[in-house]
Amino acid sequence: MAFVSATAAAAASVTLHNSVPSAVRAGAGAWACPQPRRTFLAPLHAAKGAKSVPVEVVLEGKVKGKKKKGSGAGNLPGALDVEIREAQEYLDSDEQEPVPDNFPFEILDEDGMSVVILKRDYKDEKIEVVVSMPNLEGGPEFDDEDGEGDSESAGKEEEEDEEDESAGDSSISLKVVVSKASGPKLEFTCTAFREEITIDDMLIVEKTDDDGEEKFPYEGPEFTELPVNVQKGLFKYLEQRGITLPATNYMHDYMVTKQAQEYIRWMRKLKDFVQQ
C-alpha cells in the first residue's frame, strides 16, 4: 500500500497535474485537499468488503428512525425505554463485518469503556493500538416529534439517502505505540477514514527516571516538516505493523457497533438510577 503525503502533493502539485492524465485523476478521485497541520494522506482506495456507509448512532437522545408522537413525553423512564428499545432494534439489525483475512491483532474490549485496545508482536517489537469511538459525520436529520414537516420529509427522502452516503467521512482515532524491550518508544497519532489513513503526529518517547524532576525533551519537527521520503517511510513502517485500510475499516465498523452497545448500557444505567 503506497502512502501519499500531503506535503509531497502540495510541493509537486503542478508537476502531478501536468503529468497525470485528467481522466485518471478524475476517475481515482485521489487528489484530496491538503489536510490541516500535521496531516498526511494515505492511499485513496477503500478495502474490499468494507461498508460504504457506516451505520450511525446518535447519542444526543435520538436513535436512527422516526419518533412516535408523545413517546415518553413527561415520563423519563418511559422516554428511556423508547430509546433503549429503538437502539436495541437497530443493533439487532446491524450485521457485524467478518474479521478480514490476516487481521494481525488481538482485540481487548472491556464493557463500559470508550476505547478498544489492539495488541500484537512483530519481530522483537510490541505493538499496541488504542482505538477510540468513531467520529460520525454526515448523519441523517431526524423528524420532529410532533410529526411536523412530514410532507417535506417524504419529498426529501432521496436527498437524505444521498446525505447518508456522505457519512463515509466518519473516522476513528488511533494511538499506535511501538516499543522494544529497552530504549524509547514510537507513538503515532493517526486518523483512519474509509479511504485514507492520516498521521497527525509522531513522537519518540524516552523512558524517564522517576526522580520527580520535570523535563522538557526535544520532540522533533512537525510531521509535515519531515523530508518527504521520511514521511513515506513512516507510513510504510506502520503498514508493515498492521495499520492498513482493511484493518482500520474493520475496526471502524467494530467501534460503531460498540458505540451502540455502550449507548444502550449507559441508558439502562440512567434508567436504573432514576427509578431507585
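Student: Which residue lies over the face of Y237, and at what distance from the ring centre?
Tutor: The model is predicted, with local features needing pLDDT of at least 70 and side-chain atom pairs counting only at pLDDT 80 or more, while totals for chains, interfaces and linings use all residues. Residues are numbered from 1 along each chain as its sequence is written, and side-chain values use heavy atoms, leaving out hydrogens and water. A charge sits over a ring if NZ of Lys or CZ of Arg is within 6 Å of the ring centre and within 35 degrees of the ring normal. Over the face of Y237 lies R241, and its distance from the ring centre is 3.5 Å.

Student: How many aromatic pairs does a search of the whole structure find?
Tutor: Rings of Phe, Tyr and Trp (its six-membered ring) pair if their centres lie within 6.5 Å, and their planes count as stacked under 30 degrees apart, edge-to-face over 60 and tilted for the rest. Searching the whole structure gives a total of 5.

Student: What is the angle between the planes of F103 and F105?
Tutor: Both F103 and F105 are buried, a term that means under 20% relative accessible area with a 1.4 Å probe and protein chains only. Their pair is edge-to-face, with 5.9 Å centre to centre and an angle between the planes of 65 degrees.

Methods. Buried < 20%, exposed > 50% of the residue type's maximum accessible area, 1.4 Å probe, protein only.
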